[in-house]
Amino acid sequence: MFSKLPLLATAILATLAVAAPNAPPPAPGTTNQCCSTVGTNANPVVSAVAALLGVDISGILGNIGVGCTVITALGNTCSNTAVNCNSDQLGRGLINVGCVPITL
């Protein structure tokens with residue numbers, strides 16, 4: 001019975017490795033996100049959402065993610081834009097700051 005334990009453990013680890021996305025693990029203070037829109041503060045969609053939420057994004061440099069959800073470690077996929085963002089969120093979490101595109 002115990003001789004099958006290493007085989008079972010190897011099979012479980014292999015399954016988890018296949019199911020996990022290829023995205024790099026997030027750096028401390030950041031999260032991997034799937035965002036419906038990513039752009040700078042000049043992007044009309046980003047600007048409109050920020051204006052509706054009453055958030056001033058004029059001084060933010062770099063990419064801003066809008067309508068983002070966290071990509072978990074176990075098989076979460078992203079049909080929009082996958083990014084790694086700073087943990088800074090504005091507008092009740094609808095706007096993410098400091099986003100960099102990643103590949104899943």
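The legends below describe close-up views of a predicted model.

Residues are numbered from 1 along each chain as its sequence is written, and side-chain values use heavy atoms, with hydrogens and water left out. Local features need pLDDT of at least 70, side-chain atom pairs count only at pLDDT 80 or more, and totals for chains, interfaces and linings use all residues.

**View A. Strand 1 and its pairing with strands 2 and 3.** Helices (H or I, at least four residues) and strands (E, at least two) are DSSP runs, numbered from the N terminus. Two strands pair if DSSP finds at least two bridges between them. Strand 1, residues 30-39, is antiparallel to strand 3 (residues 81-86), with six bridges; here Thr30 has Asn86 as its bridge partner. Strand 2 (residues 63-70) also runs antiparallel to strand 1, joined by six bridges, and in strand 2 Cys68 stands opposite Cys35. Of the ten residues in strand 1, seven are buried (buried is under 20% relative accessible area, exposed over 50%, partly exposed in between; 1.4 Å probe, protein chains only).

**View B. Gly59 in the loop between helix 2 and strand 2.** Helix 2 covers 44-53. Gly59 has a relative accessible area of 65% and is therefore exposed. The C-alpha atoms of Gly59 and Asn41 are 8.2 Å apart, with a sequence separation of 18 residues.

**View C. Arg92 in the loop between strand 4 and strand 5.** Strand 4 is 89-90 and strand 5 is 95-101. Arg92 has a positive phi, near 60°. Most residues other than glycine have a negative phi. Arg92 is exposed because its relative accessible area is 83%.
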